[in-house]
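The following briefing is intended for a reader who is meeting this structure for the first time. Please keep the sequence and the model in view while reading.

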Amino acid sequence: MKFVVVPKKDDDLELYLSKGIDAFLFGVKGFSVNYPEISLEEVKKLAPKYPLFLAMNKNIRNEELKELEANLESLSRFPIQGLFFYDLSILELVKRNKLPLSLVWNQTHMVTNYHTCNYYYNQGVSYGYLSNEITLDEMIEIKKRTKMKLFVQLFGYPVVSHSRRSLVTNYFKDVQKNPGKEIYRLTEKTEDSLLIKESKAGTTILFGKVINGTKPIYSLLENDMNYGILDMNGIERKVGNQVIDTFVNIRQNWKQQSLEERNQIIDKMNERIGDYTNFFYKKTIYKVKKEKSQEEKGGR
Amino acid sequence: MKIVKKVELLSPAGDLERLKIALLYGADAVYIGGREYSLRANATNFSMGEIKEACDFAHHLNKKVYLTVNIVFHNEDLDGVFDYLKEAYEAGIDAFIVSDPWIIQYIKQHFPRCEVHVSTQASTTNKEAVLFWKEQKVDRVVLARELSLDEIAEIIRDTGMDIEIFIHGAMCTFYSGRCTLSNYLTNRDSNRGGCSQVCRFAFDIDSEEEKKFTMATKDLNAATLIPTMMDIGVRSFKIEGRMRSHYYLATVLSCYRKIIDAYEKKELTEDFLRLQLKLLNRVANRETSLHYLTHEADETDQYYTGRQELSNQDFLAQVIGYDKENKRVILSERNYFEPNTPVEIFTPSGKTISFTVTQIYDKEGNRLEKACHPEEVLILPLEEEVEKDSMMRIRIEE
């Protein structure tokens, strides 16, 4: 498994490489959401030096298509590893213009089954970034039944939703104040919380806990999962480095580690970053059984 | 010669009764969910037998039925889907509405009579993405609800695709398909029909503000834009809300049917449009807006200023029969009314009959002072014959 870090804008990429990170993922300025963005000029400088994946994962509008097409043309001339995309205009333009770009299907919550992976693979898409909302077993089954190379998020705040609306600005306009922070935390009745932030492309909501992929990575390694994504955004640098060291160590030594050693590593990581494993071991439901009435339950 | 297709009014239908109301009140087609693979997993939905009955009913009226198969599939959902599609096809479905693209090829290959419509769940927002779908042999694209009229016009002009637009009903706060709030806060899979509408919750925010943070949006009402949308070539006008009431469906469809027909006949006047808007506003339970169709959505399109959900009391009764011999209408009561109440009955064929209630009788012939028991059978004298399934409401003046 290769590790791809989503760095913070001013992170030391050399340090990451020295720790064993294989590639980096940035957003392309003006065309991405929830990734730190870099301009084409910066891509030009960074691409020859570092293994780079780039993301153009926003919903595209007609008026942006010309610029998008020009950007794709430019990107195809840089030595980048692959381009994460959400909007199908990107697939359409890359195919039509026969651009030598490796594409990563990154429709955030829709990469959920092997049939659709195979569909996009047959359209020329080599990679897929699996949705965070499927289980580990589902990921492994997809891996077994597609030729697509797959990414899984192992660390970082998971993306929950994205809107074109400026939800934070709108709220503060209503209370007649200016937003004072970049990210706000929303809480409801449960202990779970959400993080909300705005950009020019709209509003993104993240879940309030970081994914800890230490336990599932063992199964993913056993099943030859191709890439693990480690998202450093919103994470203290020291913690991020510890996470990287742990994952790199697991990758090197997992075959020799006893169950006890593995559990110790998992426990240690749980202490550091929490034990939230997202949907790796939790299946979502969608058909809700109706509550039985008291009579049906045998009560009054 | 280019064939100009007639514009379509497309209605939701949560069950057979609603489907019949929708088609009788002017829908050209209805979209329904089966018991599987639909984004309203917890609605009543249609059994295969009911799908067959729905198709027979619609086809008899020369109208169409579309089946939503628009979940985002997980591996476990794949078993049985092909048998399900085949059964639905044999039941007479005219089109499948899908969001997961692998299914398109299968439908096109095996069920050539059927159309494939790409759901708004795919959030198609530009003409190149529409061209992608066109190459996949898709027959129609339901565009994302985040587009302006200009963008829609450009897409139609430059792609030549059949385009369907949402014109009325509730809106998602987030791009369709790009929201898993339900998954994270209630463990219900929004992209497989389990959406628990977390976007309508009120949250505490970590700022000094005492006011709760909400992100719910107003509903959409695009009645005033129908002429423009017809001019730019929108093929299908879609109404949201598979679980809305009979009265809601009848009112909304009746209004849009009249607007479309009047514009086609070049008879649409401002007064007529104003009346239809008034009727639509009265049946709405939330405030409405035009959202992205006319402007970049902002704080005025949301419920930050305090949310009002109104309960409509206009609907008084549904017509269940007419006694020609004694010139009496037979009703099923819905809301309170009494003698001297000014009312009107609007019919599936578009007529509106205004009168004042004089006497009310129960089915045994006893005279009543008031009607106050929902679903009670009532009888009122009425000279003019009215069709079954007509709706009686409080008279709404222009």
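The largest nonpolar core holds 207 residues, and within it Leu54(A), Val30(B) and Phe96(B) touch the most other members. A nonpolar core is a set of buried Ala, Val, Leu, Ile, Met, Phe, Trp, Tyr and Cys residues joined through C-beta atoms within 7 Å. A residue is buried if 20 or more other C-beta atoms lie within 10 Å of its own, exposed if 12 or fewer, and partly exposed in between, with C-beta atoms placed from the backbone. The model is predicted: local features need pLDDT of at least 70 and side-chain atom pairs count only at pLDDT 80 or more, whereas totals for chains, interfaces and linings use all residues. Residues are numbered from 1 along each chain as its sequence is written, and chains are lettered from A and ligands numbered from 1 in the order in which they are written.

- Helices (H or I, at least four residues) and strands (E, at least two) are DSSP runs, numbered from the N terminus.
- Apart from its neighbours within four places in sequence, Leu54(A) is in contact with Phe26(A), Val28(A), Val43(A), Leu75(A), Ile80(A), Leu83(A) and Phe84(A). Two residues are in contact if their C-beta atoms, placed from the backbone, lie within 7 Å.

**Helix H1 of chain B**

- Helix H1 (residues 16–24) of chain B is largely enclosed by the rest of the structure, because seven of its nine residues are buried.
- Those buried residues are Arg18(B), Leu19(B), Lys20(B), Ile21(B), Ala22(B), Leu23(B) and Leu24(B).
- Their cover includes strand S1 (8–12), strand S2 (29–33), helix H2 (48–60) and helix H9 (246–264) of chain B.
- After H1(B) comes Gly26(B), whose phi is positive, near 120°.

**Strand S7 of chain B and its partners**

- Strand S7 (residues 162–169) of chain B is mostly covered, with eight of its eight residues buried.
- Strand S6 (residues 140–142) of chain B runs parallel to S7(B), and three bridges join them. Two strands pair if DSSP finds at least two bridges between them. Arg140(B) stands opposite Asp162(B) in S7(B).
- S6(B), helix H6 (residues 149–159) of chain B and S7(B) form a right-handed β-α-β unit. A crossover is right-handed if, with the strands pointing away from the viewer, the path from the first strand over the helix to the second runs clockwise.
- S7(B) is also joined by four bridges to strand S11 (residues 236–239) of chain B, in the parallel sense. In S11(B), Ile239(B) is the bridge partner of His168(B).
- Two bridges join S7(B) to strand S10 (residues 219–221) of chain B, and these strands run antiparallel. Here Gly169(B) stands opposite Leu220(B) in S10(B).

**The eight-stranded sheet of chain B**

- Chain B has an open sheet of eight strands, in the order S16-S15-S20-S13-S14-S19-S17-S18, with antiparallel pairing.
- Its edge strands, S16 (352–356) and S18 (367–368) of chain B, each pair on one side only.
- Strand S15 (residues 342–346) of chain B is joined to S16(B) by five bridges and runs antiparallel to it. Glu344(B) stands opposite Ser354(B) in S16(B).

**Domains**

- Chain B is divided into domain 1 (8–174 + 217–301) and domain 2 (315–394). Domain bounds come from an automatic or database domain assignment.
- The C-alpha centres of domain 1 and domain 2 of chain B lie 32 Å apart.
- Eight residues of domain 1 of chain B are in contact with seven residues of domain 2 of chain B. On the domain 1 side, the largest share, five residues, comes from H9(B).
- In chain A, the assignment gives domain 1 (2–157 + 211–273) and domain 2 (165–208), and 25 Å separate their centres, taken over C-alpha atoms.
- Four residues of domain 1 of chain A are in contact with six residues of domain 2 of chain A.

**Where the chains meet**

- 52 residues of chain A are in contact with 56 residues of chain B.
- The elements of chain A that each supply at least two residues to this side include helix H4 (88–96), helix H5 (114–122) and strand S10 (183–187).
- S10(A) and strand S8 (residues 202–205) of chain B pair in the antiparallel sense over two bridges. Thr187(A) stands opposite Asp204(B) in S8(B).
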